[in-house]
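Subject: Structure handover, with notes

Dear colleague,

I am passing on the structure below, together with some notes on what was found in it. Please read them with the model open beside you.

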Amino acid sequence: MITVAASTALLALAGCAPADEKSSTASGSDKCDKASLPTLKAGVLTFGTDQPAYPPWFVDDNPANGKGFESAVAYAVAGKLGYDAKDVTWVRVPFNAAIAPGPKTFDANLNEFSITEERKNAVDFSSPYYDVTQAVVTIKSSPAAKVTSLDGLRDLRLGAQVGTTSYNAAKALNVKAPISVYNNNDDAKAALVNGQIDALVLDLPTAFEVQSELTDGFIVGQLPSGTDKPEQFGIVLDKGSKLTSCVSGAVDALRGDGTLAKLQQQWLAEAGSAPVLK
């Protein structure tokens, strides 16, 4: 199977941050030096993500390999904070548990978390590292295959992963049937293939990956944002974490030096080829 990652593998930028990259964040503050950061384990930066972790955000369900957009971003952030790749470790945390109130088993978590005011009541977010578009995926045998407009979606049975902004985007379409909710994208894909739903709502890069995994899968189109401010992904940290400003500084620095744009081109290069539904 050819994935988004594979289709862009010849680009020059490597997926992992260089092991010797030890620059501090853009603020230049000593409190953001590795030796000063109050991480869960001294000298170690612990990232979290869900399991399974899907392409193109991660590759081979192995966040530690530096492959996939969010894995690469994590190692780039670590590098900005002075951590070698060997000083980065990963834990697995279910999506909803990661954004629930309470102490965390990670220092920072990347799992396509959209920044929302409601979630900010329970956790901290870094500066955004990706602007999100939602999309609708189906298979050619589904009624959704003939849809070319937002109005055409309203008679469909849609599905989305629980607790996600994809689910919120599906609800906002005001379709006639209740939105079907799934614990993960594998369950949602099975429901689509089995004819239990007509289409899935997913963030666009994940939609391209799911499309490639489905027999006769294709993207119906992108959903308009519905707001002047785009949906954005941010790194999740514990509420009131002393690491938040430093992680945000690292993300800002990666945006400023062009690294985020290069990583997006490397791992999410297909994200502009789906039509916007109107």
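Ser 126 sits in the loop that runs between β4 (123-125) and β5 (130-132), where helices (H or I, at least four residues) and strands (E, at least two) are DSSP runs numbered from the N terminus. Its relative accessibility is 4%, and Ser 126 therefore counts as buried; here buried means under 20% relative accessible area, exposed over 50%, and partly exposed in between, with a 1.4 Å probe and protein chains only. Leaving aside residues up to four places away in sequence, Ser 126 touches Ile 115, Gly 234, Ile 235, Leu 237, Val 247, Ser 248 and Val 251, a contact being heavy atoms within 4.5 Å.

Before going further, please bear in mind that this is a predicted model, in which local features need pLDDT of at least 70 and side-chain atom pairs count only at pLDDT 80 or more, while totals for chains, interfaces and linings use all residues. Residues are numbered from 1 along each chain as its sequence is written, and side-chain values use heavy atoms, with hydrogens and water left out.

Ile 235, one of the contacts of Ser 126, in turn touches Val 77, Ala 108, Asn 109, Leu 110, Asp 124, Phe 125, Ser 126, Tyr 129, Val 247 and Val 251, again not counting residues up to four places away in sequence. The largest nonpolar core has 38 residues, of which Phe 47, Phe 69, Val 77, Leu 81, Tyr 129 and Ile 235 touch the most other members; such a core is a set of buried Ala, Val, Leu, Ile, Met, Phe, Trp, Tyr and Cys residues joined through side-chain atoms within 4.5 Å. Two or more residues of this core come from each of β1 (45-49), α2 (69-80), β2 (88-92), β5, α9 (244-256) and α10, and α2 gives the most, with eight residues.

In helix α10 (residues 259-267), the buried residues are Thr 259, Leu 260, Leu 263, Gln 266 and Trp 267. They lie on the same side of α10 because they cover an arc of only 125° around the axis, the arc being that of the directions from the helix axis to the C-beta atoms.

The second largest pocket holds about 320 Å³ of space. Of the 27 residues that line this pocket, Phe 95, Glu 112, Gln 161, Thr 164 and Asn 185 are the closest to its centre. A pocket is an open set of points, on a 1 Å grid over the protein atoms alone, where a 1.4 Å probe fits, with protein on both sides within 12 Å along at least five of seven lines, and lining residues have an atom within 4 Å of a point; the points are joined across faces, edges and corners, and the volume is the space filled by probe spheres set on them. The largest share of the lining, three residues, comes from β9.

Some backbone features also deserve a look. The peptide bonds from Gln 51 to Pro 52 and from Pro 55 to Pro 56 are cis, and both Pro 52 and Pro 56 are in the loop between β1 and α2. Asn 174, although not a glycine, has a positive phi of about 55°; Asn 174 lies in the loop between α6 and β8 (180-182) and, at 59% relative accessibility, counts as exposed.

With best regards
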